[in-house]
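Have a look at the fold before reading on.

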Amino acid sequence: MNSMYYWSTYWLINGLLVCGMFNTAKGIIDNLLYLIDQVGHIPTSSKCYYEGRTKPPLLAYIFNLFLRYTGDFEYIKSNVKYVIKEIEFWDKERAIEIEYKD
């Protein structure tokens, strides 16, 4: 695979886990974590020209899937900082405040 697309990886990882391909799923998750380290968030795609684009944050859902199928709590625990980093990125860079007046 030359590149990966964030939204597609959720479904790909889900399928891999259903099929018992836990190490392959973990490798894809590790690639997502690498992107957070390198870019500060998970872009739409691993292609460099998508760096400024994002999809809704899915890492927590991906971790939930991985934990449910593998029971590997230690892996999740050691990488939960990436979920926090992704949510912080979205809170800082993609959220807007809306003032509601009654």
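A word on terms first: a residue counts as exposed when its relative accessible area is over 50%, as buried when that figure is under 20%, and as partly exposed in between. Keep in mind that this is a predicted model.

With that cut-off, Lys 101 is exposed, since its relative accessible area is 66%. Its salt-bridge partner is Glu 99, with 3.7 Å from N to O. Glu 99 lands in the exposed class too, at 64% relative accessibility.

How many salt bridges does the structure hold? There are 2 salt bridges, and the other pairing to look at joins the side chains of Asp 72 and Lys 26, at 3.8 Å from N to O. Asp 72 sits in the loop between H3 and helix H4 (73-94), while Lys 26 belongs to helix H2 (residues 22-39), so this bridge ties together parts that are 46 residues apart in sequence.

| Salt bridge | N to O distance |
|---|---|
| Asp 72 and Lys 26 | 3.8 Å |
| Glu 99 and Lys 101 | 3.7 Å |

Now for the rings. A pair of aromatic rings is described by the distance of the centres and the angle of the planes. The structure holds 4 aromatic pairs. One of them is Trp 7 with Trp 11, an edge-to-face pair with 6.0 Å centre to centre and 70° between the planes. Why are Trp 7 and Trp 11 separated by about one helical turn? Because they are 4 residues apart in helix H1 (residues 6-18). Trp 11 also pairs with Tyr 10: the ring centres are 4.8 Å apart and the planes stand at 90°, so this pair is edge-to-face.

Trp 7, Tyr 10 and Trp 11 make up one aromatic cluster. Is each of its members buried, exposed or partly exposed? Trp 7 is partly exposed, with 43% relative accessible area, and Trp 11 is partly exposed as well, at 47%. Tyr 10, by contrast, is buried at 17%.

Finally, the surface. Val 18, Phe 22 and Tyr 69 make a nonpolar patch of about 270 Å². Of these, Tyr 69 is found in helix H3 (residues 59-70) and counts as partly exposed, at 33% relative accessibility.

Key. Residues are numbered from 1 along each chain as its sequence is written. This is a predicted model: local features need pLDDT of at least 70, side-chain atom pairs count only at pLDDT 80 or more; totals for chains, interfaces and linings use all residues. Side-chain values use heavy atoms; hydrogens and water are left out. Rings of Phe, Tyr and Trp (its six-membered ring) pair if their centres lie within 6.5 Å; planes under 30 degrees apart count as stacked, over 60 as edge-to-face and the rest as tilted. Helices (H or I, at least four residues) and strands (E, at least two) are DSSP runs, numbered from the N terminus. Buried means under 20% relative accessible area, exposed over 50%, partly exposed in between (1.4 Å probe, protein chains only). Patches are made of residues with over 30% relative accessible area and no salt bridge: like charges are joined within 9 Å, nonpolar side chains (Val, Leu, Ile, Met, Phe, Trp, Tyr) within 5 Å. Accessible areas come from the Shrake-Rupley method with a 1.4 Å probe; for residues, only the protein chains shown count as cover. A salt bridge is a side-chain nitrogen of Lys or Arg within 4 Å of a carboxyl oxygen of Asp or Glu.
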